Amino acid sequence: MSNHFPVDRALFDDVMVPNYSPSAVIPVRGEGSRVWDQQGKEFIDFAGGIAVNCLGHCHPALVGALKEQGEKIWHLSNVMTNEPALRLAKKMVDSTFAEKIYFANSGAESNEAALKLARRWALDNFGAEKSQIISFKQGFHGRTFFTVTVGGQAAYSDGFGPKPGDVVHAEYNNLESFKELISDKTCAVMMEPLQGEGGIVSPTQEFVEGVRELCNEHNALLIFDEVQTGVGRTGELYAYMGLGVTPDILTSAKALGGGFPIGAMLTTTEIAKHLKIGTHGSTYGGNPLACAVGEAAFDTVNDQAVLDGVKAKEKLYFDGLKAINEKYNVFQEIRGKGLLVGAVLTEAYQGRAKDFLNAAMEEGVMTLVAGANIVRFAPSLIIPDADIAEGLARFEKAVAKLSQ
(Lines give C-alpha, C1' and ligand atoms only; values in the text may rest on other atoms or scores of the structure.)
Protein backbone atom coordinates (compact mmCIF):
# COMPACT_ATOMS: atom_id res chain seq x y z
CA MET A 1 0.00 0.00 0.00
CA SER A 2 1.30 3.43 -0.91
CA ASN A 3 2.29 5.82 1.88
CA HIS A 4 1.10 8.71 -0.27
CA PHE A 5 -2.31 9.53 1.12
CA PRO A 6 -3.37 12.59 3.10
CA VAL A 7 -2.72 12.30 6.84
CA ASP A 8 -5.13 14.84 8.26
CA ARG A 9 -7.81 15.20 10.92
CA ALA A 10 -10.42 13.61 8.62
CA LEU A 11 -8.38 10.40 8.56
CA PHE A 12 -8.84 10.13 12.34
CA ASP A 13 -12.60 9.85 11.87
CA ASP A 14 -12.09 7.19 9.21
CA VAL A 15 -9.74 4.85 11.04
CA MET A 16 -9.82 5.57 14.80
CA VAL A 17 -12.29 4.49 17.48
CA PRO A 18 -14.36 7.62 18.24
CA ASN A 19 -13.66 7.86 21.99
CA TYR A 20 -11.42 10.90 21.43
CA SER A 21 -12.17 14.20 19.73
CA PRO A 22 -8.71 15.58 18.95
CA SER A 23 -7.91 19.06 17.77
CA ALA A 24 -7.62 19.74 14.04
CA VAL A 25 -3.98 20.66 14.68
CA ILE A 26 -1.55 17.79 14.01
CA PRO A 27 1.88 18.56 15.48
CA VAL A 28 4.79 17.04 13.58
CA ARG A 29 7.86 18.46 15.31
CA GLY A 30 8.82 19.75 18.73
CA GLU A 31 11.87 21.30 20.33
CA GLY A 32 11.99 22.40 23.94
CA SER A 33 8.67 24.08 24.75
CA ARG A 34 7.77 24.83 21.14
CA VAL A 35 5.84 22.67 18.69
CA TRP A 36 5.14 23.03 14.95
CA ASP A 37 2.14 21.63 13.08
CA GLN A 38 1.82 20.27 9.53
CA GLN A 39 1.49 23.80 8.16
CA GLY A 40 4.55 25.03 10.04
CA LYS A 41 2.58 27.08 12.59
CA GLU A 42 4.44 27.42 15.89
CA PHE A 43 2.84 26.80 19.30
CA ILE A 44 4.18 27.32 22.80
CA ASP A 45 3.45 24.18 24.80
CA PHE A 46 1.81 24.87 28.17
CA ALA A 47 0.15 21.42 28.11
CA GLY A 48 3.17 19.14 28.25
CA GLY A 49 1.26 16.16 26.88
CA ILE A 50 -0.86 16.35 30.07
CA ALA A 51 2.05 16.70 32.52
CA VAL A 52 4.15 14.10 30.68
CA ASN A 53 6.79 16.05 28.74
CA CYS A 54 8.65 17.15 31.85
CA LEU A 55 11.73 18.12 29.84
CA GLY A 56 9.89 19.46 26.82
CA HIS A 57 10.26 17.96 23.36
CA CYS A 58 13.35 16.12 22.09
CA HIS A 59 15.52 16.85 25.13
CA PRO A 60 19.09 15.80 24.24
CA ALA A 61 19.47 13.56 27.32
CA LEU A 62 16.32 11.62 26.43
CA VAL A 63 17.08 11.43 22.71
CA GLY A 64 20.61 10.24 23.54
CA ALA A 65 19.37 7.55 25.94
CA LEU A 66 16.82 6.30 23.41
CA LYS A 67 19.35 6.12 20.58
CA GLU A 68 21.98 4.43 22.72
CA GLN A 69 19.63 1.81 24.15
CA GLY A 70 17.92 1.37 20.77
CA GLU A 71 21.16 -0.06 19.43
CA LYS A 72 21.64 -2.44 22.40
CA ILE A 73 18.50 -4.34 23.41
CA TRP A 74 14.81 -3.44 23.16
CA HIS A 75 12.77 -6.06 24.94
CA LEU A 76 13.18 -9.19 27.01
CA SER A 77 9.97 -9.57 29.07
CA ASN A 78 10.23 -10.32 32.76
CA VAL A 79 11.58 -13.82 32.27
CA MET A 80 14.87 -11.90 32.45
CA THR A 81 15.82 -8.62 34.06
CA ASN A 82 17.84 -5.86 32.38
CA GLU A 83 20.40 -3.24 33.29
CA PRO A 84 18.34 -0.05 32.63
CA ALA A 85 15.46 -1.32 34.81
CA LEU A 86 17.79 -2.16 37.69
CA ARG A 87 19.62 1.17 37.44
CA LEU A 88 16.38 3.17 37.42
CA ALA A 89 14.90 1.14 40.29
CA LYS A 90 18.05 1.69 42.38
CA LYS A 91 17.93 5.44 41.78
CA MET A 92 14.23 5.59 42.71
CA VAL A 93 14.82 3.60 45.90
CA ASP A 94 17.78 5.81 46.83
CA SER A 95 15.76 9.01 46.32
CA THR A 96 12.45 8.10 48.02
CA PHE A 97 10.93 6.27 51.01
CA ALA A 98 10.60 3.14 48.86
CA GLU A 99 12.63 -0.06 49.12
CA LYS A 100 11.05 -1.96 46.23
CA ILE A 101 9.89 -0.98 42.72
CA TYR A 102 7.48 -2.58 40.26
CA PHE A 103 7.52 -1.28 36.67
CA ALA A 104 4.47 -0.97 34.43
CA ASN A 105 3.62 1.01 31.28
CA SER A 106 1.15 3.64 32.49
CA GLY A 107 -0.40 5.34 35.48
CA ALA A 108 -3.49 3.16 35.34
CA GLU A 109 -1.36 -0.01 35.37
CA SER A 110 0.72 1.31 38.27
CA ASN A 111 -2.47 2.06 40.22
CA GLU A 112 -3.92 -1.34 39.32
CA ALA A 113 -0.77 -2.95 40.75
CA ALA A 114 -1.01 -0.81 43.91
CA LEU A 115 -4.65 -1.72 44.51
CA LYS A 116 -4.07 -5.43 43.90
CA LEU A 117 -1.07 -5.37 46.23
CA ALA A 118 -3.10 -3.65 48.95
CA ARG A 119 -5.90 -6.22 48.67
CA ARG A 120 -3.39 -9.10 48.77
CA TRP A 121 -1.55 -7.57 51.74
CA ALA A 122 -4.81 -7.25 53.67
CA LEU A 123 -5.94 -10.79 52.78
CA ASP A 124 -2.63 -12.31 53.87
CA ASN A 125 -2.38 -10.32 57.11
CA PHE A 126 -5.98 -9.89 58.24
CA GLY A 127 -8.29 -12.13 56.17
CA ALA A 128 -10.99 -11.65 53.56
CA GLU A 129 -13.10 -9.20 55.60
CA LYS A 130 -10.53 -6.42 55.24
CA SER A 131 -11.13 -5.45 51.60
CA GLN A 132 -12.64 -1.95 51.56
CA ILE A 133 -10.92 0.69 49.45
CA ILE A 134 -11.59 4.37 50.14
CA SER A 135 -10.81 7.07 47.60
CA PHE A 136 -12.09 10.58 47.01
CA LYS A 137 -14.79 12.24 44.97
CA GLN A 138 -13.45 13.95 41.84
CA GLY A 139 -10.31 11.82 42.09
CA PHE A 140 -8.83 10.24 38.99
CA HIS A 141 -6.75 7.06 38.97
CA GLY A 142 -6.84 5.72 35.41
CA ARG A 143 -9.16 3.99 32.98
CA THR A 144 -8.93 0.28 33.74
CA PHE A 145 -12.21 -0.92 35.22
CA PHE A 146 -10.72 -1.24 38.72
CA THR A 147 -8.95 2.14 38.68
CA VAL A 148 -11.86 4.01 37.09
CA THR A 149 -14.17 2.61 39.77
CA VAL A 150 -11.77 3.75 42.48
CA GLY A 151 -11.63 7.14 40.77
CA GLY A 152 -14.29 9.44 42.15
CA GLN A 153 -16.10 10.40 38.93
CA ALA A 154 -18.96 7.97 38.26
CA ALA A 155 -19.44 9.30 34.71
CA TYR A 156 -16.21 7.51 33.75
CA SER A 157 -17.15 4.15 35.28
CA ASP A 158 -20.90 3.99 34.55
CA GLY A 159 -22.20 2.04 31.59
CA PHE A 160 -19.85 -0.95 31.64
CA GLY A 161 -21.84 -3.35 33.78
CA PRO A 162 -21.21 -4.40 37.40
CA LYS A 163 -18.34 -2.52 39.01
CA PRO A 164 -15.61 -3.98 41.22
CA GLY A 165 -17.00 -4.03 44.75
CA ASP A 166 -16.14 -2.62 48.15
CA VAL A 167 -15.01 0.77 46.85
CA VAL A 168 -16.34 3.93 48.53
CA HIS A 169 -15.66 7.64 48.11
CA ALA A 170 -15.15 10.39 50.68
CA GLU A 171 -14.97 14.13 50.06
CA TYR A 172 -11.48 15.49 49.44
CA ASN A 173 -10.30 17.92 52.11
CA ASN A 174 -13.17 16.85 54.40
CA LEU A 175 -11.74 14.79 57.25
CA GLU A 176 -15.16 14.21 58.82
CA SER A 177 -16.44 12.68 55.58
CA PHE A 178 -13.41 10.38 55.58
CA LYS A 179 -13.78 9.45 59.25
CA GLU A 180 -17.33 8.26 58.61
CA LEU A 181 -16.11 5.70 56.08
CA ILE A 182 -12.84 4.32 57.46
CA SER A 183 -12.91 1.29 59.73
CA ASP A 184 -10.89 -1.83 60.51
CA LYS A 185 -12.38 -3.32 57.32
CA THR A 186 -10.56 -0.70 55.22
CA CYS A 187 -7.53 -2.20 53.50
CA ALA A 188 -6.35 0.88 51.62
CA VAL A 189 -6.94 4.56 50.97
CA MET A 190 -5.98 5.93 47.55
CA MET A 191 -5.54 9.66 47.12
CA GLU A 192 -3.80 12.21 44.98
CA PRO A 193 -1.62 14.55 47.05
CA LEU A 194 -3.00 17.26 44.74
CA GLN A 195 -6.09 16.44 42.70
CA GLY A 196 -5.32 16.91 39.00
CA GLU A 197 -8.25 15.98 36.74
CA GLY A 198 -10.60 16.84 39.62
CA GLY A 199 -9.72 20.53 39.49
CA ILE A 200 -6.13 21.21 40.64
CA VAL A 201 -7.11 20.98 44.33
CA SER A 202 -4.36 21.00 46.96
CA PRO A 203 -4.94 19.17 50.23
CA THR A 204 -4.85 21.06 53.49
CA GLN A 205 -2.08 20.00 55.84
CA GLU A 206 -4.65 19.03 58.47
CA PHE A 207 -6.47 16.81 55.98
CA VAL A 208 -3.48 14.91 54.63
CA GLU A 209 -2.03 14.39 58.12
CA GLY A 210 -5.45 13.28 59.39
CA VAL A 211 -5.80 10.73 56.60
CA ARG A 212 -2.35 9.31 57.44
CA GLU A 213 -3.19 9.07 61.16
CA LEU A 214 -6.51 7.34 60.54
CA CYS A 215 -4.86 4.85 58.18
CA ASN A 216 -2.38 4.02 60.94
CA GLU A 217 -5.19 3.68 63.47
CA HIS A 218 -7.13 1.22 61.31
CA ASN A 219 -4.16 -0.70 59.80
CA ALA A 220 -4.99 0.56 56.31
CA LEU A 221 -2.38 1.26 53.64
CA LEU A 222 -2.11 4.81 52.33
CA ILE A 223 -1.55 4.88 48.56
CA PHE A 224 -0.49 8.16 46.99
CA ASP A 225 -1.31 8.41 43.30
CA GLU A 226 1.53 10.63 42.12
CA VAL A 227 1.04 9.87 38.45
CA GLN A 228 0.51 13.57 37.72
CA THR A 229 2.26 15.19 40.71
CA GLY A 230 5.43 13.07 40.65
CA VAL A 231 8.87 13.60 39.13
CA GLY A 232 9.29 17.28 39.91
CA ARG A 233 5.86 18.60 38.97
CA THR A 234 5.25 20.33 42.34
CA GLY A 235 8.84 21.46 42.87
CA GLU A 236 9.67 18.39 44.97
CA LEU A 237 10.82 15.12 43.44
CA TYR A 238 7.49 13.71 44.67
CA ALA A 239 4.70 15.76 46.21
CA TYR A 240 4.62 13.74 49.44
CA MET A 241 8.02 15.22 50.29
CA GLY A 242 6.54 18.72 50.46
CA LEU A 243 3.65 17.54 52.64
CA GLY A 244 5.75 15.74 55.23
CA VAL A 245 3.44 12.71 54.98
CA THR A 246 4.85 9.41 53.72
CA PRO A 247 2.57 6.91 51.98
CA ASP A 248 2.89 3.11 52.13
CA ILE A 249 2.63 2.78 48.36
CA LEU A 250 3.24 5.46 45.71
CA THR A 251 2.51 5.33 42.00
CA SER A 252 4.41 7.22 39.31
CA ALA A 253 4.06 7.53 35.53
CA LYS A 254 3.49 10.46 33.13
CA ALA A 255 6.70 12.50 33.60
CA LEU A 256 8.70 9.42 34.64
CA GLY A 257 9.58 8.71 31.01
CA GLY A 258 9.51 12.31 29.80
CA GLY A 259 7.20 11.20 26.98
CA PHE A 260 8.13 7.52 26.71
CA PRO A 261 5.43 5.27 28.24
CA ILE A 262 6.50 3.95 31.65
CA GLY A 263 4.90 3.60 35.07
CA ALA A 264 6.10 2.45 38.47
CA MET A 265 4.76 1.37 41.83
CA LEU A 266 6.98 2.15 44.82
CA THR A 267 6.61 0.51 48.23
CA THR A 268 8.40 -1.06 51.20
CA THR A 269 9.97 -4.50 51.39
CA GLU A 270 7.44 -5.59 54.03
CA ILE A 271 4.45 -4.74 51.83
CA ALA A 272 6.08 -5.78 48.54
CA LYS A 273 6.61 -9.37 49.71
CA HIS A 274 2.89 -10.05 49.22
CA LEU A 275 3.26 -9.87 45.44
CA LYS A 276 4.82 -13.31 45.33
CA ILE A 277 5.98 -14.90 42.07
CA GLY A 278 3.03 -15.19 39.70
CA THR A 279 0.62 -12.90 41.57
CA HIS A 280 0.95 -9.99 39.16
CA GLY A 281 2.86 -9.15 36.00
CA SER A 282 3.32 -7.14 32.82
CA THR A 283 4.89 -8.21 29.53
CA TYR A 284 6.26 -4.76 28.74
CA GLY A 285 6.80 -3.49 32.30
CA GLY A 286 10.45 -2.67 32.94
CA ASN A 287 11.20 -2.64 29.22
CA PRO A 288 14.89 -1.67 28.60
CA LEU A 289 14.01 1.14 26.16
CA ALA A 290 11.49 2.69 28.56
CA CYS A 291 13.78 2.35 31.57
CA ALA A 292 16.79 3.81 29.75
CA VAL A 293 14.77 6.89 28.82
CA GLY A 294 13.20 6.94 32.29
CA GLU A 295 16.62 6.90 33.92
CA ALA A 296 17.74 9.88 31.83
CA ALA A 297 14.56 11.80 32.70
CA PHE A 298 14.81 10.92 36.40
CA ASP A 299 18.48 11.93 36.58
CA THR A 300 17.76 15.25 34.87
CA VAL A 301 14.78 16.19 37.04
CA ASN A 302 16.24 14.93 40.33
CA ASP A 303 18.51 17.94 40.56
CA GLN A 304 18.04 20.71 43.10
CA ALA A 305 18.51 23.47 40.52
CA VAL A 306 15.73 22.02 38.34
CA LEU A 307 13.39 21.54 41.31
CA ASP A 308 14.06 25.06 42.59
CA GLY A 309 13.45 26.33 39.06
CA VAL A 310 9.97 24.77 39.12
CA LYS A 311 9.09 26.86 42.19
CA ALA A 312 10.40 30.02 40.53
CA LYS A 313 8.41 29.32 37.36
CA GLU A 314 5.28 28.67 39.44
CA LYS A 315 5.47 32.31 40.55
CA LEU A 316 5.76 33.49 36.94
CA TYR A 317 2.53 31.65 36.07
CA PHE A 318 0.64 32.84 39.15
CA ASP A 319 1.78 36.45 38.68
CA GLY A 320 1.15 36.38 34.92
CA LEU A 321 -2.32 34.89 35.19
CA LYS A 322 -3.26 37.31 37.96
CA ALA A 323 -2.11 40.22 35.80
CA ILE A 324 -4.29 38.95 32.93
CA ASN A 325 -7.19 38.57 35.33
CA GLU A 326 -6.85 42.14 36.61
CA LYS A 327 -7.63 43.29 33.07
CA TYR A 328 -10.35 40.83 32.08
CA ASN A 329 -11.81 39.41 35.33
CA VAL A 330 -12.40 35.89 33.97
CA PHE A 331 -10.87 33.84 36.82
CA GLN A 332 -12.13 33.53 40.36
CA GLU A 333 -8.95 31.79 41.57
CA ILE A 334 -5.48 30.74 40.42
CA ARG A 335 -4.43 27.60 42.27
CA GLY A 336 -2.10 24.62 42.21
CA LYS A 337 1.52 23.98 43.05
CA GLY A 338 4.74 24.03 41.06
CA LEU A 339 3.97 23.68 37.38
CA LEU A 340 0.52 22.17 37.84
CA VAL A 341 -1.58 25.32 37.74
CA GLY A 342 -5.33 25.79 37.44
CA ALA A 343 -7.20 28.98 36.52
CA VAL A 344 -10.78 28.65 37.78
CA LEU A 345 -13.35 30.46 35.64
CA THR A 346 -15.81 32.93 37.16
CA GLU A 347 -19.57 32.34 37.22
CA ALA A 348 -19.98 34.27 33.97
CA TYR A 349 -17.72 31.78 32.17
CA GLN A 350 -18.87 28.53 33.81
CA GLY A 351 -18.61 25.52 31.53
CA ARG A 352 -16.40 27.30 28.99
CA ALA A 353 -12.90 26.02 29.78
CA LYS A 354 -12.76 24.29 26.39
CA ASP A 355 -13.50 27.63 24.71
CA PHE A 356 -10.40 29.08 26.40
CA LEU A 357 -8.34 26.08 25.24
CA ASN A 358 -9.54 26.47 21.65
CA ALA A 359 -9.01 30.24 21.62
CA ALA A 360 -5.51 29.76 23.03
CA MET A 361 -4.70 27.27 20.25
CA GLU A 362 -5.70 29.86 17.67
CA GLU A 363 -3.24 32.28 19.25
CA GLY A 364 -0.44 29.70 19.24
CA VAL A 365 -0.38 28.38 22.81
CA MET A 366 -1.36 24.87 23.91
CA THR A 367 -3.22 24.59 27.23
CA LEU A 368 -5.37 21.99 29.01
CA VAL A 369 -8.62 21.85 30.93
CA ALA A 370 -9.44 20.16 34.25
CA GLY A 371 -13.18 19.76 33.94
CA ALA A 372 -15.48 22.29 32.34
CA ASN A 373 -14.54 25.25 34.54
CA ILE A 374 -10.76 25.17 34.90
CA VAL A 375 -7.97 25.97 32.44
CA ARG A 376 -4.95 23.83 33.35
CA PHE A 377 -1.26 24.44 32.70
CA ALA A 378 1.32 21.64 32.97
CA PRO A 379 4.34 22.73 30.91
CA SER A 380 7.90 21.43 30.79
CA LEU A 381 9.63 21.76 34.14
CA ILE A 382 12.50 23.53 32.37
CA ILE A 383 10.43 25.79 30.12
CA PRO A 384 12.49 28.97 29.53
CA ASP A 385 11.15 32.06 31.30
CA ALA A 386 10.98 33.79 27.91
CA ASP A 387 8.63 31.06 26.66
CA ILE A 388 6.41 31.50 29.71
CA ALA A 389 6.21 35.24 29.01
CA GLU A 390 5.49 34.74 25.30
CA GLY A 391 2.96 31.98 25.97
CA LEU A 392 1.12 34.10 28.54
CA ALA A 393 1.07 37.01 26.08
CA ARG A 394 -0.56 34.74 23.51
CA PHE A 395 -2.96 33.41 26.14
CA GLU A 396 -3.91 36.98 27.04
CA LYS A 397 -4.88 37.61 23.41
CA ALA A 398 -7.19 34.59 23.59
CA VAL A 399 -8.73 35.82 26.86
CA ALA A 400 -9.22 39.27 25.36
CA LYS A 401 -11.17 37.83 22.43
CA LEU A 402 -13.37 35.69 24.66
CA SER A 403 -14.13 38.51 27.07
CA GLN A 404 -15.33 40.97 24.43
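Predicted model: local features only at pLDDT ≥ 70, side-chain atom pairs only at ≥ 80, totals over all residues.
Which residues does Thr283 touch, not counting residues up to four places away in sequence? Thr283 touches His75, Ser77 and Asn78, where contact means heavy atoms within 4.5 Å.

Residues are numbered from 1 along each chain as its sequence is written, and side-chain values use heavy atoms, with hydrogens and water left out.

View 1. Thr283 sits in the loop between α11 (269-272) and α12 (288-301); helices (H or I, at least four residues) and strands (E, at least two) are DSSP runs, numbered from the N terminus. With a relative accessible area of 54%, Thr283 is exposed. Here buried means under 20% relative accessible area, exposed means over 50%, and partly exposed is in between (1.4 Å probe, protein chains only).

**View 2. The annotated binding site.** UniProt, in an unreviewed entry, lists Gly107, Ala108, Phe140, Asp225, Glu226, Val227, Gln228 and Thr283 under "binding site". These residues spread over 177 residues of sequence and also spread in space, up to 24.9 Å between C-alpha atoms. From this set, Thr283 belongs to the lining of the largest cavity. A cavity is a set of points, on a 1 Å grid over the protein atoms alone, where a 1.4 Å probe fits but cannot get out, and lining residues have an atom within 4 Å of a point. UniProt positions follow the numbering used here, feature names are shortened, and annotations may be inferred rather than shown by experiment.

**View 3. Val227 in its loop.** Look for Val227 in the loop between β8 (221-225) and α10 (240-243). Val227 counts as buried because its relative accessible area is 10%. Leaving aside neighbours within four places in sequence, Val227 is in contact with Gly107, Asn111, Thr251, Ser252, Ala253 and Lys254.

**View 4. Lys254, the annotated lysine.** The unreviewed UniProt entry has the annotation "modified residue: N6-(pyridoxal phosphate)lysine" covering Lys254. You can find Lys254 in the loop between β9 (249-252) and β10 (263-267), and at 22% relative accessibility Lys254 is partly exposed. Not counting residues up to four places away in sequence, Lys254 touches Ile50, Ala51, Val52, Val227, Gln228, Gly259 and Ile262. A polar atom of the Lys254 side chain lies 3.1 Å from the backbone oxygen of Ile50.

**View 5. A salt bridge between Glu363 and Lys401.** The side chains of these two residues, Glu363 and Lys401, meet in a salt bridge (2.7 Å, N to O). The pair links distant parts of the chain, 38 residues apart: Glu363 is in the loop between α14 (353-362) and β13 (365-366), and Lys401 is in helix α15 (residues 385-402). Glu363 is buried, with a relative accessible area of 18%, whereas Lys401 is exposed, at 52%. Elsewhere, salt bridges that share partners join Arg34, Glu42, Asp387, Glu390 and Arg394 into one network. A salt bridge is a side-chain nitrogen of Lys or Arg within 4 Å of a carboxyl oxygen of Asp or Glu.

**View 6. Two further salt bridges.** A search of the whole structure finds 24 salt bridges. In one of them, Lys273 pairs with Glu270 (2.8 Å, N to O), and Lys273 is partly exposed at 45% relative accessibility. Another joins Arg335 to Glu333, with the closest N and O atoms 3.1 Å apart. Arg335 is partly exposed at 22% relative accessibility, and Glu333 is partly exposed at 35%.

Notes: Polar contact = N/O pair within 3.5 Å; in protein donor to acceptor, adjacent residues only side chain to side chain. 1 Å grid on protein atoms, 1.4 Å probe; cavity = no way out; pocket = protein on both sides within 12 Å on 5 of 7 lines; lining within 4 Å.
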